[in-house]
Amino acid sequence: MTTEMLFPDYIFESSWEVCNKVGGIYAVLSTRAKTLQDRLRDHVIFIGPDCWQDRKCIYFKEDSKLFSSWKMQASDQGLHIRIGRWDIPGQPIAILVDFKPYFSKKNDIYTELWNSFQVDSLHAYGDYDEASMFSYAAALVVESFYRFYLDASYKVVYHGNEWMTGLGLLYVRKHLPEVATIFTTHATSIGRSIAGNNKPLYDYLFAYNGDQMADELNMQSKHSIEKQTAHHVDCFTTVSEITARECAELLDKPVDVVLPNGFEDNFVARGAVFTAKRRKARKQLLAVANALLGTTLDDSTMILSTSGRYEFRNKGIDVFIEAMNRLNYDKNLKRNVVAFIEVPGWEAGARQDLQERLASGKTFDTPLATPATTHWLHSLNDDRVVGMMRYLNMQNRKEDRVKLIFVPCYLTGHDGIINMPYYDVIMGNDLSVFPSYYEPWGYTPLESIAFRVPTITTDLAGFGLWVNEELGRMGEIEDGVKVIHRTDYNYSEVADAIRDTVVRYSTMTDSQVKKAREKAGKLSKKALWSNFITHYERAYDMALRKKR
């Protein structure tokens, strides 16, 4: 006889990226929210940092009527919160908490954390204090809400994402043991640091000691909070099998459940709207390229891009630049290529000279000075993208078949140059390239295929491994996703494989391209939250059973 799975009556979920779009976790939570909201209807409550204070948060709509009586009591308890709705599909309830008042108590908070869970906060620096005080404040919100509205007759889960929520999870574990706790690490802090410091992560993973590496890389505090949280919550999870291996080796704790990142496709335009948006995106991207470079690239040009956080090695930005340089000299390339690196850098504003050219509507036969960037950078000479292009002598010359352009800003639709939101920009691509070295999941390639843009990724990304598992073999570009084998040491082979895949795509017929685009879209449907939510159901059930 099968036992019915337990499902929460209330879910509280916290992350630094609730109503705060800074990375991939925003996409995970904001796309999953509707699936949970449809099932729990306002009993799923997201908690995020009030980074906005007096400024308007474009992702949040305050509603003074929600939980008004509790809010008054919370205020009396010293909790400064704003309650409203996250402006995303499903419109779930969100609570933004002001965490700054707790900085004055941080030493006492850290002392209790050490005494209760042996978390080392002595070596804290950078964003550790800010994240921890938010996490503490979020836990107080859960505790206050629970004491006001709920009791042991309700099945309640508190789910924290990333090490930044660890302190709060441990607080709930100690002070509110009635609530089941789930911790998801989307990437271990020490694994990301090992990879980002140019150390071979994968060949030596079995030999690395997480605590020892944390000492070596000055990551003691982040590693400590992450490790202790993993060991003490009711259910410890991560987003892919590749990161699960990392957790077992570096945190000395196997994960309980793997929670792959799905998405909702309600943001993907269809039919004539899709066609019109794709045409508009291509027109704008080519207009920017032509104005910057003094060229007349037309719609036959292949448009490529890579995007994500500015992690030069981890995200494979270095090998992407290398591949574009090699592609430029490949005589088998059948089409001109303009490739964009859409990665937020230390941007100093949109280029006025480029804005003026775009506004004029004219064509130009001379490039602008520094024809590699759409926006100025505060420290142009120290930028790694610009530096590598300079090292490889990539000058976007007229005769170059491949042009490479750095877009070092967030594509919100208001950047001053492209002026289109990221999801609209994606639609203009022929191909996207995400040759990650360290990528626990990989939202960007998944988003790309959702818009029927074939993508290139690696088997060091959780998404790449998932694609191979779905296909039963290594993905090829004809499948909609090319999965390149990547190791600690085969950088040059990866660059060649990217080059060769782009060349191959440039020789495909219109019908072959159409088939690849259709297969990309079809594959993305398998990653809808309606398919992946079952993994979360397992995690909720496991955590709640430990409270029985």
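Predicted model: local features only at pLDDT ≥ 70, side-chain atom pairs only at ≥ 80, totals over all residues.

Biologist: Why is Ile-317 called buried?

Modeller: The relative accessibility of Ile-317 is 1%. Buried means under 20%, so Ile-317 counts as buried. Ile-317 lies in helix α11, residues 317-328.

Biologist: Which residues does Ile-317 touch, leaving out those up to four places away in sequence?

Modeller: Arg-309, Tyr-310, Glu-311, Phe-312, Ile-341, Val-343 and Val-385.

Biologist: What makes Arg-192 and Glu-311 a salt bridge?

Modeller: The closest N and O atoms of Arg-192 and Glu-311 are 2.8 Å apart. The rule asks for a side-chain nitrogen of Lys or Arg within 4 Å of a carboxyl oxygen of Asp or Glu, so the pair qualifies.

Biologist: Why is the pair of Arg-192 and Glu-311 said to tie together parts of the chain?

Modeller: Arg-192 lies in helix α6 (residues 189-196) and Glu-311 in the loop between β10 (302-307) and α11, so the parts it joins are 119 residues apart in sequence.

Biologist: How do you know whether Arg-192 is buried, partly exposed or exposed?

Modeller: Arg-192 has a relative accessible area of 22%. Glu-311, at 16% relative accessibility, counts as buried.

Biologist: What makes Arg-282 and Asp-430 a salt bridge?

Modeller: Their side chains meet at 3.0 Å, N to O, and the cut-off is within 4 Å, so the label holds. The pair links distant parts of the chain, with Arg-282 in helix α10 (residues 271-293) and Asp-430 in the loop between α14 (422-426) and β15 (431-433), 148 residues apart.

Biologist: Are Arg-282 and Asp-430 buried or exposed?

Modeller: Arg-282 has a relative accessible area of 5%, and Asp-430 is at 8%. Both values are under 20%, so both residues are buried.

Biologist: Why are Arg-545 and Asp-541 said to be separated by about one helical turn?

Modeller: Because they are four residues apart in helix α19, residues 529-545. Arg-545 is partly exposed at 29%, whereas Asp-541 is buried at 12%.

Biologist: How many salt bridges does the rule give?

Modeller: The count comes to 44. Some form a network, in which Glu-322, Arg-326, Asp-330, Asp-496, Arg-499 and Asp-500 are linked.

Methods:
Residues numbered from 1 in each chain as written. Heavy atoms only, no water. Helix = DSSP H or I, 4+ residues; strand = E, 2+ residues; numbered from the N terminus. Buried < 20%, exposed > 50% of the residue type's maximum accessible area, 1.4 Å probe, protein only. Contact = heavy atoms within 4.5 Å.
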